[in-house]
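My notes follow in the order I made them.

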Amino acid sequence: MKPIKLVISGIGPYGDRMPEIDFQSFDLNMPILIAGETGAGKTMIFDAICFALFDAASGSYRSTDSLRSEYAPPGTESYVEFTFAHQGRTYRIYRQPSYMRPLKRGTGFKLEKEKAVLYPGDDTPIEGIKAVNQAVQELIHVDEKQFKQLAMIAQGEFWGLLNAKTEERTGILRHIFMTEGYKAMELQLRERRGKAIKAADVLERSLIQYFCDAEAEPGSPLAEEISQLQEQLRKSGGIGSIEEMLSLLDRAIEADVPMEAELAEKLAALREALQELQKDLALAENTEHNLKKYNGLVKELAGLRERLADCEKREQQLAEAEKALQEKIRSLQSGREQLSSVPERLAACQQEINALRELADRLGSLQSQQVPRYGRAKKRLAELQEGLESAQSAHAAAMRARLDGEMQLERNRAGILAQKLVAGQPCPVCGAIMHPSPAELLEKAVTEADVKKLQQQEKKAEAARSSAAAEAAAARAELATLDSQIGSYMLECLKSGCWLEAVARGEAFAMEIPAEAGLRQLYELVQLQAGQLAALLQKKRESAADLQGRAKRLQQVERELAEASGRDTEALQLKRQKLLKERENAKTAVADREGQRQLLEQLALKIGTGGNSGNDGNDGNDGNGGSREAELAEYRGQLQRKISENKVQQQECQEALGRISRRRENNLSRRAKIAGLQGEFAAARHEAHILGRLHDLVSGQTGKGKLTLEQYIQAAGFDSIIRAANRRLIPMSDGQYKLYRQEKELGNKSHTYLDLEVLDNYTGRRRPVRNLSGGESFKASLSLALGLSDKVSSELGGISMDALFIDEGFGTLDKKSIEKAMEILLKLSDSNKLVAIISHREELIEAVSQQIQVTKTRNGSSLAIEMGK
């Protein structure tokens with residue numbers, strides 16, 4: 001992995017988007033110095049690379065959720081964009097931490113979620129935190145911690161690099177030396193051994209279960225032997241001898257054969273005896289059935305004869321019912337003739353009631369609507385007449401006011417002219433030169449406008465008078481019309497009422513009403529007639545109610561007559577037919593049962609004692625019939641008890657035979673399964689043994705010590721890394737120190753085969769690397785990192801790391817050690833490896849020409865690139 005470009009925006013001390021760092025523009029034959037004062041943000045460049053690759057900062061003290069710059073303006077995004085080359089391809093990662101930013105509208109904040117996108121050349125981008133992290137891990141073959149040990153010597157972590165434990169270095173060396181196969185071999189052998197052991201255990205449990213299902217005759221010595229071996233197998237869980245199990249099963253199978261044959265013979269004898277008993281029971285039941293049938297026929301004949309007598313009795317009752325029905329029909333026909341005129345009379349009465357009701361409605365309308373309407377019209381005419389008189393008075397007053405105004409206006413005009421008259425000069429009106437009585441101005445001045453106003457008021461009063469006169473004339477005409485209409489309506493009502501009264505009395509109509517009669521006299525006659533009409537209407541309604549009752553009675557008589565002539569007559573006829581049929585059926589049944597009885601008497605039935613077949617054929621219960629039934633019932637009961645006992649014995653025998661047969665079949669099945677699994681079980685045990693030995697060999701469990709095959713290969717490769725590291729450490733330490741891999745006795749089971757110790761050539765003793773001072777630890781760490789780099793390049797394993805970052809480690813070195821370290825780093829740069837140093841040491845600033853300058857201000861830090869000469 002070699003860095004190409006890095007863009008930092010709104011991260012750490014960098015409040016804005018920083019200029020792009022193009023690592024390809026630097027001379028890779030020289031180191032790159034990242035310089036700046038303490039706290040300016042030099043290490044943040046490494047943090048940005050580590051965050052982009054692994055979603056983590058390079059230092060253990062810094063977390064990703066604090067990467068958002070406090071100096072970033074609200075509109076500035078926080079992200080890192082890192083481009084790098086790896087195994088001939090170019091990759092670009094965009095990663096944004098989560099942070100809170102102010103809302104664009106309103107107050108408050110919004111959470112910007114963490115984002116990550118990996119652009120693998122022209123391939124489809126990979127999005128999502130987990131997906132990108134997994135893709136980077138699979139691409140570089142190291143995790144964040146291993147990457148720091150290989151490519152970054154971060155501030156304060158030199159000691160951790162040098163003192164890493166065996167387990168941590170194992171993960172790195174596994175990819176360098178490609179020992180995954182050996183670890184996979186160990187895991188696969190362990191898995192296969194476990195499966196083989198499990199398969200053998202399953203087969204063993206199956207064999208034990210099969211044998212534990214075996215049975216023998218309870219209480220026998222063989223059953224005791226089998227039970228003891230089953231208990232032993234359950235407790236131990238392991239099989240001793242399969243042959244012993246098969247032998248016991250063979251003996252149990254052979255012991256069941258004679259018992260099974262004996263039970264089968266006994267069962268056959270019981271079945272034969274049962275057949276004889278069932279024959280005897282069938283004969284007894286047939287005899288008993290015939291006896292019961294004969295007695296039943298005798299009883300049935302007696303019942304049939306009673307039915308014939310009952311039919312004759314019901315036939316007589318039916319004749320009486322038919323006679324009563326004919327009498328009822330004659331009575332209903334007579335009543336129908338008496339009521340036949342009721343419908344016509346009811347219709348005529350209803351017509352009279354309708355006419356009376358119509359006249360009553362007309363009289364009611366006259367009283368409730370037309371008479372009040374006439375009163376209202378008369379009242380309105382009086383009111384309008386009064387209004388007309390008032391309008392006439394108002395018009396006369398307006399006309400007088402207008403005339404008076406005109407007169408005053410003329411007098412005022414004369415007064416105005418008189419004021420201008422001069423004695424001896426002619427009057428402009430009459431031409432006289434003498435003016436003995438000139439007109440005088442009135443005290444109240446009247447203008448032409450006032451006169452015009454009075455004229456308008458007169459016109460308005462005239463219009464009101466004309467309107468009132470028209471309304472009064474219309475009201476008089478309406479009242480005259482109503483007078484004529486109501487008078488004619490009253491005369492018509494009176495004539496109609498007199499005609500109806502005459503009709504009600506059965507008299508001819510003759511009525512004369514004086515032509516000079518006024519409305520009041522007519523109205524009084526109408527009111528008198530309304531009272532008489534109400535009484536007549538009530539009388540007609542009572543007559544109609546009586547006629548309606550007679551009409552209902554007529555309908556009821558007609559219904560009853562129809563029912564009596566139709567349904568009732570038909571029902572009696574059906575009853576007679578049914579009764580005749582029932583009597584014929586009873587006669588036929590009597591003849592049939594009598595024939596059956598005579599047939600049973602001829603059969604060889606010993607009904608009673610002495611072989612008699614009955615006394616006279618009429619009663620099967622006379623004589624000794626009852627005694628014979630009791631004997632047959634007792635004999636049948638004895639046979640049924642014997643049959644039941646036989647079936648119980650058969651069931652017991654069948655169950656015992658089934659139990660022995662099932663036991664023998666079960667033992668045969670178990671023996672076959674045990675014999676079938678015997679070879680498979682032996683093969684599974686052998687396979688588990690072979691795989692177990694192979695696993696012990698690969699996992700280092702064959703002797704006292706524990707060194708796996710992978711560990712052995714990694715230790716050999718780690719020795720070559722240490723040799724490469726010593727080529728740097730010996731000259732850097734003036735020949736004082738040399739690294740060694742820790743070696744202990746095989747019996748020591750601690751995992752320290754990749755731990756380091758250092759030889760101090762000044763004392764001649766080895767000591768742990770953790771006892772080195774700060775400067776010494778840096779030299780050793782730098783040497784080890786360079787050794788790892790050499791090994792990676794030479795081995796061309798799964799890891800490719802063409803970059804080395806050193807963070808402030810030179811602060812613990814003296815001037816001479818810095819010069820030696822720089823010589824080594826210059827040689828390393830000659831191999832086209834990117835070497836970057838973070839430091840504020842003046843010696844390095846003067847010695848390294850290409851630099852990334854980090855400047856600290858109150859508004860955050862900024863970057864500047866110096867390419868040198």
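Which strands does helix α13 lie across? I looked and found β12 and β13. The helix spans residues 709-732. I then checked its direction and got about 175° to β12. I noted that this is a predicted model.

**The sheet**

Next I looked up the strands themselves. They form an open sheet of three, in the order β12-β13-β14, with antiparallel pairing. I marked β12 (737-741) and β14 (765-768) as the edge strands, since each pairs on one side only.

I went on to one pair. β13 and β14 are antiparallel and share four bridges. I wanted one example of residues facing each other, and I found Val758 opposite Arg767 in β14.

I picked Glu757, which sits in strand β13 (residues 756-760). Is Glu757 buried or exposed? I read a relative accessible area of 15% for Glu757. Buried means under 20%, so Glu757 counts as buried.

What does the side chain of Glu757 join in a polar contact? I found the side chain of Arg766, at 3.1 Å.

Last, I listed the contacts of Glu757, leaving aside neighbours within four places in sequence. Among them are Lys738, Leu739, Tyr740, Arg741 and Gln742. I also wrote down Arg766, Arg767, Pro768 and Val769 as contacts of Glu757.

Notes
Residues are numbered from 1 along each chain as its sequence is written. This is a predicted model: local features need pLDDT of at least 70, side-chain atom pairs count only at pLDDT 80 or more; totals for chains, interfaces and linings use all residues. Side-chain values use heavy atoms; hydrogens and water are left out. Helices (H or I, at least four residues) and strands (E, at least two) are DSSP runs, numbered from the N terminus. Buried means under 20% relative accessible area, exposed over 50%, partly exposed in between (1.4 Å probe, protein chains only). A polar contact is a pair of N or O atoms within 3.5 Å; within protein, one must be able to donate a hydrogen and the other to accept it, and residues adjacent in sequence count only if both atoms are side-chain atoms. Contact means heavy atoms within 4.5 Å. Two strands pair if DSSP finds at least two bridges between them. Axes are lines fitted to C-alpha atoms, for helices over the stretch in contact, and angles run from 0 to 180 degrees between N-to-C directions.
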